[in-house]
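User: Hi! Could you walk me through this structure with a few questions and answers?

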Amino acid sequence: MKNYLMTQLVKHRCFSDICIRGFLTISTALLLTACGQSESDGDTVDLVVPDNTEEVQAAYAADPDFYSFKALLDVPADLIWESGDSLPEIGSPMAKKGGTQYARLQDFPRTLRTVGPDSNGSFRPWILDDTTIAIAHRHPDEFVYYPGLAESWAVDEAAKTIYVKLDQNARWSDNVPITADDFMFMFWLFKSSYIIAPWYNNWFSTQYTNITKYDDHTFSISIPEAKPDMDGRVLELRPMPQHFFKEVGEDFVERYQWRFAPTSSAYVIADEDIRKGRSITLTRNKDWWAKDKKNWRYRYNPDRIHLSVIRDTPKVFEAFKRGDIDQFSLNLAEYWYEKLPDDDPDVQSGYIHKSVFYNQLPRPTYGLWMNTSQPLLDNRDIRIGINHATNWQLVIDNFFRGDYTRMQTSSDGYGEFTHPTLRSREFDINLAQEHFALAGFKKRGPDGILVNDQGQKLAFTLSSGYESLKDVLTILKEEALKAGLQFRVEVLDGTAGWKKVQEKKHDIHFSAFNTSLEMYPRFWETYHSDNAYDDAFLDDGTVNPERKLKTQTNNLEALAIFEMDGMIDRYRTSDDAQEMKDLAFAMTEMHHEYASFSPGFYQAFFRVGHWRWVKYPASFNYKHASTAGELFVHWIDTDMKEETLAARKDDRKFPAEIVIYDQFK
């Protein structure tokens, strides 16, 4: 799914989406709802383990139009089956299995669930988005699909249906076969109110019209419209292990809070590898079903991935320089140019390599998300003034040393679906003050902050979960004051920041959603009133005076525009590319006029520092990769690690490696 909070920031990765992104069976009659953590919060015991099998089967029977069962002979004989065989393989044959990768978590996850409250955080990519296997995946260079769980698939455009043959070798990590039943169950689960996930409930109830099981390894899924990317709507689905989730009921959130589910991924998490508040370790499943499968066999190479909680970025860098962390993002100019310059002794001695990789993909939505349900922020002139009082260009020039680019809209990077002419508002003190005056803020107090006739200050809390970007907020704060606007800066850890905006308790939040590799942007999740309020409008389009703010959605702006709702509904149901482009442009313009989002910046590359023993393919990465580690094509050379550490101790040097990979620039 889209909206992997970037961690797509950076979609968004959280990571992360960016998805962002595995699952454990319990066979005892006594269920510990808090198992999966080595330091329990206090376990509770069920004398009888729930079983939802009858409820699930009854739901199938009650909705035969959606859940269908047919014979294999009912599959159309004239289908053209695809398998992506001609695509170049992902990963390098030179890759070595083994070793431990050491990495950082900014904060400990609040749950091991991949759906429901608190699940869409920066840890999710490690157990969902970047590691689990869908029916098929877009090739990171070619933008067409290669097999994941599927052996092959076929598209019946006229019937708006995709047929799938599963790889019969596909297994969950507990060795239970992955079958069509797991996809049937996935729909039941994601449409269920038990999971407390409005986005999932809506998406799986409205974007699919039928799933039909033909046998254990053959099924079809139908969608309402033959959209330009109709294959992707189905092929990127990931099943849920029915045998593990048979206990799902009213207590789903608590029952599955710390239980790692069986996974299609190469990595699993054992109970003893969870040190709550400190670290989590992923272990490569030596019996992983896809270990010899094309496009998967040269990936997910480290035997273990040890993730330690290190909250402050400077401390992460210190750990990296000691060799305790294998890789460190150098996207921030401070670290690329100053903390790890090209003449750094470890770089010049060849111990640490510096790499820049230019990519092409939809850009994460870095910017200021204004909660229009809050006082003053419900005033359009205030919001326009904030846009003009926000000096993104100074952030780009000073903080990012000119390496980044100003974002123009909330949907940059989608090619022909991105608005071609719309431009974000520039920093302009005079224009900011004009709009603030229209909202009643005409005089400055003794501290330079504008006040209205009631003595109310023009002041808002500017929060963020990006500790590493806290200096960005300082620049914005100092510049906004020139226009009489006060930003009270609040830097939270990533999990706390995300929780705050999900509960809609923020004023203005600096963040970004990760983005998926998709043909066109989505609007429903972030801009439809369904995700802002319960019953936002009356039937005649006027505001419902009794509407209540809806939490746990990605509409961080509490944006509710009746006319935009209609456009989004048409956009979601359209199967005409030109109509979709026209609607996308119109909605982007409407969003710009509403001014509840101040577009920030994007980077057209990623930069990473990595110790010499972290190896990559000859081309380093792939055209549509958003981070160095997203595709897991790297590996740990344990022999080279020993050699490097010994050489560093003895002051022996290797050739320096500072490489710019610009084949996709």
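Predicted model: local features only at pLDDT ≥ 70, side-chain atom pairs only at ≥ 80, totals over all residues.

User: In which sense do strand β18 and strand β31 pair, and over how many bridges?

Analyst: Residues are numbered from 1 along each chain as its sequence is written, and side-chain values use heavy atoms, with hydrogens and water left out. Strands (E, at least two residues) and helices (H or I, at least four) are DSSP runs numbered from the N terminus, and two strands pair if DSSP finds at least two bridges between them. Strand β18 covers residues 352–358 and strand β31 residues 605–611, and their pairing is antiparallel over seven bridges.

User: Which residue of β31 stands opposite Y358?

Analyst: Y358 lies within the residue range of β18, 352–358. Its opposite residue in β31 is F605.

User: How many residues of strand β10 are buried?

Analyst: Buried means under 20% relative accessible area, exposed over 50% and partly exposed in between (1.4 Å probe, protein chains only). Strand β10 spans residues 161–166 and is largely enclosed by the rest of the structure. The buried count is five of the six residues.

User: Which residue in the turn between β9 and β10 has a positive phi?

Analyst: Six bridges join β9 (residues 150–156) to β10 in an antiparallel pair, with S152 opposite K165. The two strands form a hairpin with four residues between them. The turn residue with a positive phi, about 55°, is K160.

User: How far apart are the end C-alpha atoms of helix α17?

Analyst: The expected span of a helix is 1.5 Å times one less than its number of residues. For the 18 residues of α17 (577–594), that should give 26 Å, which agrees with the distance in the model. The end C-alpha atoms are 25 Å apart.

User: What covers the buried residues of α17?

Analyst: The buried residues of this helix include M580, L583, F585 and H591. Contact here means heavy atoms within 4.5 Å. The cover includes α15 (524–527), α16 (562–573) and β29 (597–599).

User: With which side chain does the side chain of R488 make a polar contact?

Analyst: R488 sits in strand β24 (residues 486–491) and is partly exposed, with a relative accessible area of 37%. Not counting residues up to four places away in sequence, R488 touches A459, F460, T461, L462 and D507. A polar contact is a pair of N or O atoms within 3.5 Å; within protein, one must be able to donate a hydrogen and the other to accept it, and residues adjacent in sequence count only if both atoms are side-chain atoms. At 3.4 Å, the partner side chain is that of T461.
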